[in-house]
Amino acid sequence: MPELTEVYAPVEVDRETQLEMLRRMQRVRSFELTVASLVKKGELPGAVHTSLGQEAEVVGACMALAPTDYMTGNHRSHGHPIGKGASLPPLMAELLGKSTGVCRGKGGSMHLADFSVGSLGESGVVGSAIPVATGAALSAHVLGNGRVALCFFGDGAANQGCLHESLNLAAIWKLPVIFLCENNQYASTTPARTVLSVDRVAQRASGYSIPGVTVEDGQDVLAVYAAVKVAVDRARRGEGPSIVEIMTYRYSEHSEGLLHAGAYRDAAERESWIARDPLVLHRARLLTAGVATEAELDQLVSDVEDEVASALEFAVASPLPEPAEAYADLFTTPIPQFGGMV
Amino acid sequence: MTRISYLAAIGEAQREAMAADPRVILIGEDVQSNLYGTAPNFVEMFGVERVRNAPISEEGFVGAAAGAAMTGLRPIVDLTYASFMYMAMDQFVNQVAKNRYMFGGQASLPVVYRASMFYRSSTAAHHSDRPYPMFMNVPGLKIMVPSGAYEAKGLLRTAIDLDDPVLSFEDATLWTKKQDLPDEEFRIPFGVANLVTEGTDVTVVAIAGAVEEARKAVAALAGEGVSAELIDPRTLVPLDVETILKSVAKTGRLVVADPAHRTCGAAAEISALVNEYGFDSLKAPILRVNTPDIQIPFSPSLERPLYPSARRIQEAVKRAIGAVASASP
Ligand SMILES: Cc1ncc(C[n+]2csc(CCOP(=O)(O)OP(=O)(O)O)c2C)c(N)n1
Ligand SMILES: [Mg+2]
């Protein structure tokens with residue numbers, strides 16, 4: 001079985017990329033905090049799942065991709081397009097169900113997509129976008145355009161049949177796809193260790209004769225980036241798919257405002273993860289390495305906060321869709337409803 | 001004109017489309033060996049990159065074809081038996097049908113999923129389904145039901161050209177049936193019904209293999225002085241409701257022959273539409289000739305009587321025109 005042994009070899013990451021990692025993690029953080037407060041105020045319709053605590057995993061993976069590479073994800077859907085470089089106002093407008101939303105108000109929180117940055121859509125049905133990413137890799141392979149596809153899926157989705165079919169398909173066809181498991185150790189309230197036959201999802205790679213690696217410190221954005229980069233480079237060289245599993249933790253409940261009947265997570269466990277916050281860790285590293293000064297990083301944070309605030313302003317000021325828009329965009333060549341709209 | 005079978009017509013449509021556009025690829029179990037007969041010499045013509053043998057992973061390759069379609073390919077997927085579509089139900093319903101809509105029109109899915117309905121051949125309940133009505137209930141999928149070699153070829157060419165996902169429900173009872181087809185390439189538009197036979201007393205709408213049975217019924221009825229108009233909708237989504245309504249406006253009577261199960265079937269939908277929009281022209285209740293709501297038994301003696309046959313269609317027409325008194329199911 002091939003191994004991803006280069007994973008822990010240090011990677012060269014230039015100053016701008018290191019700063020961009022912090023910027024994007026901060027974007028996810030500020031966006032999610034804003035969203036969480038909107039949910040609290042009852043101003044966001046629908047279910048909302050945040051990536052608070054998982055920023056390093058999301059951003060490290062996305063930044064190992066080129067802007068033209070493809071990506072799919074899941075219900076925890078905001079971080080992925082943000083990490084991939086999507087512009088924030090249409091994302092925020094989508095969450096508010098506005099016609100200026102990136103999906104014109106048809107997708108909402110669990111189903112963001114921004115094709116302009118290769119984000120082919122997030123799936124509310126757990127695991128369901130994994131075959132789609134595999135297919136994006138198939139087109140890249142057949143068209144020979146040098147692109148790769150990455151699919152984010154959770155530890156819960158690791159037990160979906162479609163993942164296993166996709167792994168096998170990608171392996172036999174040597175497709176340029178990275179199966180990226182965001183192992184935050186719980187699927188809703190179910191601990192991964194109680195429902196996984198393996199300690200680490202990446203172990204399953206051996207069943208498909210593909211490389212599998214687990215980044216144990218998924219709060220370290222550089223470690224994530226390095227591991228995913230190896231898999232991306234390998235895919236781009238035509239050597240096929242990999243599983244990259246990132247151990248991480250979500251700070252919030254499964255979805256915002258969800259009330260649980262019983263405690264399924266230990267408060268101390270949560271505290272221990274919060275103590276190693278990915279943004280704090282990366283900031284400290286940048287300062288220690290002299291990549292940037294306190295003042296520069298403070299400026300970066302406040303710029304991002306302004307960006308998120310103006311995204312929210314844009315979203316709030318945007319109009320709601322006209323009722324007739326419900327009928328748009330089902331088909332590329334539309335079929336009129338017989339007898340008119342109901 | 002060349003005389004070819006339904007199966008060969010499908011192969012021809014695929015061959016022409018693949019020759020015309022390198023983005024068209026074929027994915028399916030056993031396609032390289034041409035096990036089912038719709039990909040003769042395809043590996044030699046197009047190579048293994050474009051003629052891809054799939055593992056038995058319907059959910060995986062149905063979804064992968066969708067992802068490939070969203071990113072620049074135009075895949076044709078051969079699922080062989082229609083019953084195997086159920087393995088991929090999540091991908092059909094949650095990804096293929098919804099990805100354009102949910103992402104606000106950012107995605108196009110030019111992909112064709114082909115599946116054969118192998119009824120009337122003692123394959124029993126696991127291999128005999130005619131599940132198009134289930135998919136008619138899913139907005140976002142276009143559905144073709146070719147009733148002959150001409151339709152199979154012409155509709156499939158259109159399906160491959162369309163930027164929307166198409167499900168092709170091919171009728172295996174027609175596989176070997178031959179027809180004279182034009183030598184030049186041709187396409188049949190979606191949403192345009194074929195007026196097979198003109199008539200004045202009753203409209204018969206028939207679907208897929210039932211068109212063949214209805215033809216026989218209409219011929220027999222003509223011998224008895226009944227003039228039936230036969231319509232083949234050819235595609236169920238979009239459905240050419242206008243042509244059906246126009247015919248019913250003339251005849252005042254409608255019989256729908258549909259090899260799927262009765263409940264919530266295509267016939268039920270057509271009946272409802274005519275009831276809603278053509279009630280004033282109706283002189284008699286609309287009658288459905290379906291497969292009853294029972295699973296398909298193995299024994300030929302049990303299976304054969306279940307589907308719409310020329311005899312059952314003929315009887316329904318007679319009930320509709322009042323030649324036979326009451327409607328017994
Ligand atoms: C097919 C399916 N089953 C169940 C659910 C309900 N559900 C939504 S998220 C979730 C947990 C997913 O866990 P995981 O894949 O680990 O992702 P995480 O939420 O931890 O990021 C469940 C059970 C669903 N949306 N889809
Ligand atoms: Mg999880």
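## Buried sites, cores and backbone features of a predicted model

A:Cys62 is buried, with a relative accessible area of 3%; buried means under 20% relative accessible area, exposed over 50% and partly exposed in between (1.4 Å probe, protein chains only). The structure is a predicted model, in which local features need pLDDT of at least 70, side-chain atom pairs count only at pLDDT 80 or more, and totals for chains, interfaces and linings use all residues. Residues are numbered from 1 along each chain as its sequence is written, chains are lettered from A and ligands numbered from 1 in the order in which they are written, and side-chain values use heavy atoms, with hydrogens and water left out.

**Cysteines.** With a disulfide defined as a pair of cysteine sulfur atoms within 2.5 Å, the count over all chains is 0. A:Cys62 is in no disulfide, and the nearest cysteine sulfur, that of A:Cys151, is 12 Å away. For A:Cys181 the closest cysteine sulfur also belongs to A:Cys151, at 9.9 Å, which is too far for a bond. A:Cys181 is buried, with a relative accessible area of 0%.

**Magnesium site.** The magnesium ion (ligand 2) is coordinated at 2.1 Å by A:Asp155 (OD), A:Asn184 (OD1) and A:Tyr186 (O). Donors are N, O and S atoms within 2.8 Å of the metal (3.2 Å for Na, K and Ca); water is not among the atoms, so sites may look incomplete. The sequence spacing of the donor residues is D-x28-N-x1-Y. A:Asn184 is buried at 5% relative accessible area, and A:Tyr186 is buried at 6%.

**A:Asp277.** This residue is found in the loop between helix H9 (267-274) and helix H10 (278-288) of chain A. Helices (H or I, at least four residues) and strands (E, at least two) are DSSP runs, numbered from the N terminus. A:Asp277 is buried, with a relative accessible area of 8%. Its side chain forms a polar contact of 2.8 Å with that of A:Arg29; such a contact is a pair of N or O atoms within 3.5 Å, where within protein one must be able to donate a hydrogen and the other to accept it, and residues adjacent in sequence count only if both atoms are side-chain atoms. Not counting residues up to four places away in sequence, A:Asp277 touches A:Arg29 and A:Tyr251, contact meaning heavy atoms within 4.5 Å.

**Nonpolar cores.** A nonpolar core is a set of buried Ala, Val, Leu, Ile, Met, Phe, Trp, Tyr and Cys residues joined through side-chain atoms within 4.5 Å. The largest has 92 residues, of which A:Phe179, B:Phe92, B:Tyr113, B:Tyr132 and B:Phe169 touch the most other members. Helix H3 (residues 58-70) of chain B gives the largest share, 8 residues. Domain 1 (2-181) and domain 2 (194-327) of chain B both contribute residues, so this core lies between them. A second, separate core of 65 residues includes A:Cys62, A:Val228, A:Leu286 and A:Ala311.

In helix H4 (residues 89-96) of chain B, 6 of the 8 residues are buried, among them B:Phe92 and B:Val96.

**Backbone features.** The peptide bond from B:Val237 to B:Pro238 is cis, with omega near -5°. B:Pro238 lies in the loop between strand S12 (235-237) and helix H9 (241-251) of chain B.

| Residue | Phi | Relative accessible area |
|---|---|---|
| B:Arg120 | near 65° | 30%, partly exposed |
| B:Ser122 | about 55° | 24%, partly exposed |

B:Arg120 is placed in the loop between strand S5 (112-117) and helix H6 (132-136) of chain B, and B:Ser122 is found in the loop between S5 and H6 of chain B.

Technical notes: Domain bounds come from an automatic or database domain assignment.
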